[in-house]
Amino acid sequence: MKRLMFTVVCSCMLAGCVTQQVAIPNNTYDFFAEDIVSKTRKGIDNVERFYAFFNNVENGKRDQVRIVEQTIEGKPIYVDVRYSNSKIDLKMDRSNDTYSDKKIVTTTCNQLNAIEVERRTDYYVSDCSDKEQHIIFSDY
């Protein structure tokens, strides 16, 4: 009996040590907290995650990232980017932005590019189904 109690207590303690990922649902994909890059006027949180995503796309590895950028008024703009099977699915949601067109853009693209502009690097997708290029992230 003591052995059984000891086993149960140890199992409970060990289960408490396991790190769980919390999924953040978004219609077609789930984003885990560590997949989110947050950009505010104070700086960029978790920028390394975006760089890892960019490298994974360059190496043909399936990956996804969510970029949450704050407007001056503090409203979120969501940019969801998913790479799989040599395609980049993009969803840009500006519906919460007070001064935008409130559009939600969804498109599929073939390329993720980086271009250095003065003191920053702009990352954008091109060769898209909507015939546009979309800047998805700037690291300034």
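This is a predicted model: local features need pLDDT of at least 70, side-chain atom pairs count only at pLDDT 80 or more; totals for chains, interfaces and linings use all residues.

Student: OK, secondary structure. How many helices and strands?
Tutor: The protein chain has two helices and ten strands. In sequence order the pattern reads α-β-β-β-β-α-β-β-β-β-β-β.

Student: Got it. What share of the contacts between residues at least 6 apart join residues at least 24 apart?
Tutor: That comes to 30% in the protein chain.

Student: Switching to rings. How many aromatic pairs does the structure hold?
Tutor: Six aromatic pairs. One of them is F50 with Y123: the ring centres are 4.9 Å apart and the planes sit at 70°, so the pair is edge-to-face.

Student: Where in the chain are those two?
Tutor: F50 is in helix 2 (residues 47-58) and Y123 is in strand 9 (residues 120-128).

Student: Are F50 and Y123 buried or exposed?
Tutor: Both F50 and Y123 are buried.

Student: What about F50 and F137, what kind of pair is that?
Tutor: Tilted, because the planes of F50 and F137 are at 35°, with the ring centres 4.4 Å apart. F137 lies in strand 10 (residues 134-138) and F50 in helix 2, so this pair ties together parts 87 residues apart in sequence. F137 is buried, as is F50.

Student: Which residues do the ring pairs link into a cluster?
Tutor: F50, Y51, F53, F54, Y123 and F137.

Student: And which residue lies over the face of F137?
Tutor: K39 does, at 5.5 Å from the ring centre.

Student: New topic: D63. Where is it, and is it buried or exposed?
Tutor: D63 sits in strand 5 (residues 63-70). Its relative accessible area is 14%, and buried means under 20%, so D63 counts as buried.

Student: What does the D63 side chain make a polar contact with?
Tutor: The side chain of R49, at 2.5 Å.

Student: Which residues is D63 in contact with, leaving aside neighbours within four places in sequence?
Tutor: R49, A52, F53, N56, V81, R82 and Y83.

Note on methods: Residues are numbered from 1 along each chain as its sequence is written. Side-chain values use heavy atoms; hydrogens and water are left out. Helices (H or I, at least four residues) and strands (E, at least two) are DSSP runs, numbered from the N terminus. Contact means heavy atoms within 4.5 Å. Rings of Phe, Tyr and Trp (its six-membered ring) pair if their centres lie within 6.5 Å; planes under 30 degrees apart count as stacked, over 60 as edge-to-face and the rest as tilted. Buried means under 20% relative accessible area, exposed over 50%, partly exposed in between (1.4 Å probe, protein chains only). A charge sits over a ring if NZ of Lys or CZ of Arg is within 6 Å of the ring centre and within 35 degrees of the ring normal. A polar contact is a pair of N or O atoms within 3.5 Å; within protein, one must be able to donate a hydrogen and the other to accept it, and residues adjacent in sequence count only if both atoms are side-chain atoms.
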